[in-house]
Amino acid sequence: MDIIVFVKPVLDPDMPPAKFSVDGKTNRVIPPEGMPLVISPYDALAVEAALKVKEAKGGKITAVTLAGPFATEILRKALAMGADEAININDPTFEDSDAFSTALILAGAVKKIGKYDLILCGRQAADWDNGVVGSVMAEYLGIPSVIRAKGIVVTDGKLKVERVVANGFEIYEVGLPALVTLSSEIGQARIPTGWGIINAAKKQIPKWTSADLGMDPAGVGKAAARNQLVKLYSFSPSRACEMITGKDEKEAAGKLADKIMDMKP
Amino acid sequence: MAENRQILIIGEVEKEKLTSTSRELLGGARRLAEQMGGAVNLLLMGQAVSAAGEGIHYGADKVYTDKDAMLSDLNSDACTHVVDAVCRKIQPVLCLFGQSDLGRDVAPRVAAKLNAGLCMDCVEITFDAGSNRLLQTRPVFGGKAMAVMATSGDRLQVNTVRAKSIAPEEPKVDRKGEVIAVTDGVDASLIKVKLVESKKIETEGVKLEDAKLIVSGGGGLGGPAGFEMIGQLAKLLGGVVGATRVPVDENWVPLSMEIGQTGKIVSPDLYIAIGISGAAQHVTGIVNSKKIVAINKDPDANIFKMADVGLVADYKVVVPILIEKLKAGR
């Protein structure tokens with residue numbers, strides 16, 4: 001099984017909301033000083049899923065990211081978890097690409113890699129929360145896709161994918177090659193071992209440019225975006241909170257019970 | 001209004017009735033169509049065809065129905081094919097899905113096929129007459145920010161819309177509309193992903209999305225026992241139990257109970273948050289609650305910033321007292 005996993009560096013989604021701020025002039029998020037970007041949590045789960053398939057069926061895992069700061073750190077993390085190779089796609093013409101351009105670039109990388117059975121990525125990146133690139137990439141490559149998976153099993157050259165839906169799970173059967181996006185229900189991503197980290201540090205990470213992928217610069221980047229970002233603003237809904245107090249918890253709880261009875265529909 | 005801009009809604013049903021999200025989409029589309037000049041079209045696939053009449057009552061001018069056997073389980077390959085074909089036929093400027101299992105899966109694929117613009121999980125869609133553009137507002141960065149996205153030119157815009165974010169119109173039983181059967185056929189060779197097993201959890205009683213009162217627990221409950229306790233409180237209050245992502249990921253409660261960005265979007269009259277820290281990804285799913293009560297040990301928990309009433313306390317001590325007090329009446 002040759003598996004390609006796409007990973008993206010993002011602002012840590014678990015950072016305190018108070019540290020989150022937007023530059024209203026440029027419509028960009030201001031990264032808090034000294035806070036490195038992390039691998040998007042769902043993408044780490046895609047690496048985990050790839051490792052589970054590899055453990056069962058053997059094969060090779062290639063982790064790929066599209067540019068941006070901390071690309072190398074993210075790829076080293078994937079290598080330390082157990083990926084075999086990593087590729088850093090980087091070209092100034094790729095900046096500000098929308099989901100469609102991104103999918104086009106990543107599909108270009110898939111074609112250049114050539115041999116693959118399975119493509120995995122997170123269900124959505126923890127920054128723009130689109131959940132689009134995987135599905136679109138599969139369309140561009142002409143391969144089937146299943147989104148929001150909690151588990152993948154490969155049997156007889158076919159995939160069985162358990163997918164998360166609003167009220168439960170569905171199991172799908174899909175031929176290979178296929179693209180699957182991973183959801184949090186798969187469980188925790190493994191923590192790299194010390195040996196894994198040492199191994200990862202030794203690996204070469206090739207850089208692929210637009211020319212390497214044979215991309216048309218006019219078809220990607222900001223100019224090709226299908227929707228324009230007009231405004232980005234911080235959103236922190238807040239209400240005036242009446243704090244209930246009492247001489248002890250019993251009294252406070254009693255007051256709260258009265259409040260709840262008043263507010264109860 | 002010389003414009004003739006078509007809006008297409010991909011409708012969904014539950015128990016043979018339009019889902020609340022589909023009714024919201026029809027209401028929003030109705031108002032946009034009045035403003036932009038145009039008509040509202042509703043596409044119903046598979047079992048959903050039964051809701052054609054209801055679709056007209058809630059605002060559709062034309063209802064397209066496709067009951068091809070391939071659409072019976074809303075297979076994503078089949079639905080992608082049909083939505084793509086209907087869009088090519090009626091040439092809409094705007095195609096709306098709910099942010100549902102179907103919408104998340106099919107909207108991006110349709111947009112890829114039709115070279116369309118795409119905004120997922122929109123909470124607001126407006127038409128700016130001055131610039132002749134559609135403006136989409138959507139939560140990003142786990143709900144910590146909002147992005148307003150403009151559609152360029154006359155490109156088709158495909159959007160998915162978050163539940164509870166736009167108001168439906170009152171149904172009018174005397175509204176007239178046209179029902180058109182789509183009979184192009186879905187070729188079996190198009191189906192690449194095949195459903196082999198469905199493990200749906202049937203919710204008993206009131207659904208979270210429709211509940212007027214929700215008692216919800218987070219990681220702070222520490223385990224399934226905590227949910228039993230808040231379940232008693234919910235029962236006494238005639239409410240439904242919900243959860244944040246941590247209890248779901250820890251398998252304390254089933255996935256169907258998750259509220260937030262990756263779960264259900266709720267808007268009860270009263271939301272009681274117990275042991276919930278108030279991460280943006282959860283808060284984004286409860287912002288439309290009329291009143292919010294929070295109980296948490298940590299006085300600095302973010303949840304107190306968006307609650308109407310708060311109590312800093314250990315739920316294990318306080319909830320049993322609440323239960324006793326509510327049982328006894330005041």
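Me: In strand 10 of chain B, which residue is the bridge partner of A:N227?
Reply: Quick heads-up: this is a predicted model, where local features need pLDDT of at least 70, side-chain atom pairs count only at pLDDT 80 or more, and totals for chains, interfaces and linings use all residues. Residues are numbered from 1 along each chain as its sequence is written, with chains lettered from A and ligands numbered from 1 in the order in which they are written. Strand 14 of chain A (residues 227–234) pairs with strand 10 of chain B (residues 145–151) in the antiparallel sense over 7 bridges; strands are DSSP runs of E, at least two residues, numbered from the N terminus, and a pair takes at least two DSSP bridges. In that strand of chain B, the partner of A:N227 is B:T151.

Me: Which strand of chain B gives the most to the side that touches chain A?
Reply: Contact here puts C-beta atoms, placed from the backbone, within 7 Å. On that count, 73 residues of chain B meet 66 of chain A. With 8 residues, the top contributor on chain B's side is strand 13 (residues 193–200).

Me: What are the edge strands of the open sheet of 10 strands?
Reply: Its order is 13(A)-7(A)-6(A)-1(A)-8(A)-12(A)-9(A)-10(A)-11(A)-13(B), with mixed pairing. Two strands pair on one side only: strand 13 (207–208) of chain A and strand 13 of chain B.

Me: In strand 10 of chain A, what is the bridge partner of A:I152?
Reply: Strand 9 (residues 145–155) and strand 10 (residues 158–165) of chain A run antiparallel over 6 bridges. Within strand 10 of chain A, A:I152 has as its partner A:V161.

Methods:
Contact = placed C-beta atoms within 7 Å. Helix = DSSP H or I, 4+ residues; strand = E, 2+ residues; numbered from the N terminus.
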